[in-house]
Amino acid sequence: MTVEELLLELKDIQPPLEPAWWLIAPAYWIAIFILLGLAAYIWLILRRRKADRLASLAERELQRIRTLYTHNEDARWLAIELSKWLKQVSILAFPTRHLQSLNGRRWLEFLDETLGSDGFSDGIGQVFGTTIYAKQVNLEAAPLVQLCEQWLMAIKPRLRQRGNN
């Protein structure tokens with residue numbers, strides 16, 4: 001065999017084929033799934049916190065009103081502040097209903113409807129009808145604040161739903 005014949009038999013070097021994507025090392029697959037799971041977990045936590053934010057803000061505001069009342073003990077001030085708080089939280093929880101114009105008996109009926117009892121129309125919550133506009137308001141603060149807390153607990157799912165949007 002001559003040198004020329006030997007050279008003709010030579011073939012060019014062929015690089016190996018790229019490995020298929022599914023041949024990634026198992027450790028990489030495990031790392032990918034752990035990262036995806038961690039990302040999904042963080043997303044769920046952040047979504048939950050966002051949903052709880054409105055309810056948390058409403059609770060903190062109610063606590064602030066209660067604390068200020070313990071310092072000034074002005075029943076009329078308490079009734080007015082709780083009334084404003086109820087209206088603000090209602091508007092947040094039920095944005096499609098026209099609550100700004102509700103007052104008097106209709107307002108109390110709405111509060112009873114969302115509470116699921118008649119604590120506003122027939123109970124201590126009657127003060128939120130028209131009594132708060134009187135110069136002198138006689139009321140028991142603790143049951144009134146407790147009624148507002150019960151109302152907040154009743155509408156919390158609604159606030160959480162609004163927080164998810």
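A residue is called buried when its relative accessible area is under 20%, exposed when over 50%, and partly exposed in between, using a 1.4 Å probe and protein chains only. By this scale, lysine 156 is buried, because its relative accessibility is 11%. The structure is a predicted model, in which local features need pLDDT of at least 70 and side-chain atom pairs count only at pLDDT 80 or more, while totals for chains, interfaces and linings use all residues. Residues are numbered from 1 along each chain as its sequence is written, and side-chain values use heavy atoms, leaving out hydrogens and water.

The overall form may be considered next. The protein has 5 helices and 0 strands, and along the sequence its pattern reads α-α-α-α-α. Here helices (H or I, at least four residues) and strands (E, at least two) are DSSP runs, numbered from the N terminus. Along the principal axes, the C-alpha atoms fill a box of roughly 125 × 35 × 20 Å. The radius of gyration is 33 Å, whereas a compact globule of 165 residues would have one near 15 Å. This radius is taken over C-alpha atoms, and the globule rule is 2.2 Å times the number of residues to the power 0.38. Of the 165 residues, 31% are buried.

Attention now turns to the interior. In soluble globular proteins, nonpolar side chains tend to be buried together. A nonpolar core is a set of buried Ala, Val, Leu, Ile, Met, Phe, Trp, Tyr and Cys residues joined through side-chain atoms within 4.5 Å. The largest such core here has 35 residues, and the members that touch the most others are Leu82, Trp85, Leu86, Phe120, Phe128, Trp151 and Leu159. Two or more residues are given to this core by each of α2 (26–72), α3 (75–93), α4 (104–115) and α5 (141–164). Helix α5 supplies the largest share, 9 residues.

Which residues does phenylalanine 120 contact, leaving aside its neighbours within four places in sequence? They are Leu86, Leu108, Leu111, Asp112, Leu115, Gly125, Gln126, Phe128, Leu147 and Trp151, where contact means heavy atoms within 4.5 Å.

Serine 121 lies in the loop between α4 and α5. Serine 121 counts as buried because its relative accessibility is 5%. Its side chain makes a polar contact of 2.4 Å with that of aspartate 112. A polar contact is a pair of N or O atoms within 3.5 Å; within protein, one must be able to donate a hydrogen and the other to accept it, and residues adjacent in sequence count only if both atoms are side-chain atoms. Beyond neighbours within four places in sequence, serine 121 is in contact with Arg105, Leu108, Glu109, Asp112 and Gln126.

The side chains of lysine 156 and glutamate 59 are joined by a polar contact of 2.3 Å. Leaving aside neighbours within four places in sequence, lysine 156 is in contact with Ala55 and Glu59. Leucine 44 lies in helix α2 and is partly exposed, because its relative accessible area is 48%. Leucine 44 and lysine 156 are 112 residues apart in sequence and 19 Å apart in space, C-alpha to C-alpha.

Finally, most residues other than glycine have a negative phi. Glutamate 73, in the loop between α2 and α3, has a positive phi, near 50 degrees. Glutamate 73 counts as exposed because its relative accessibility is 58%.
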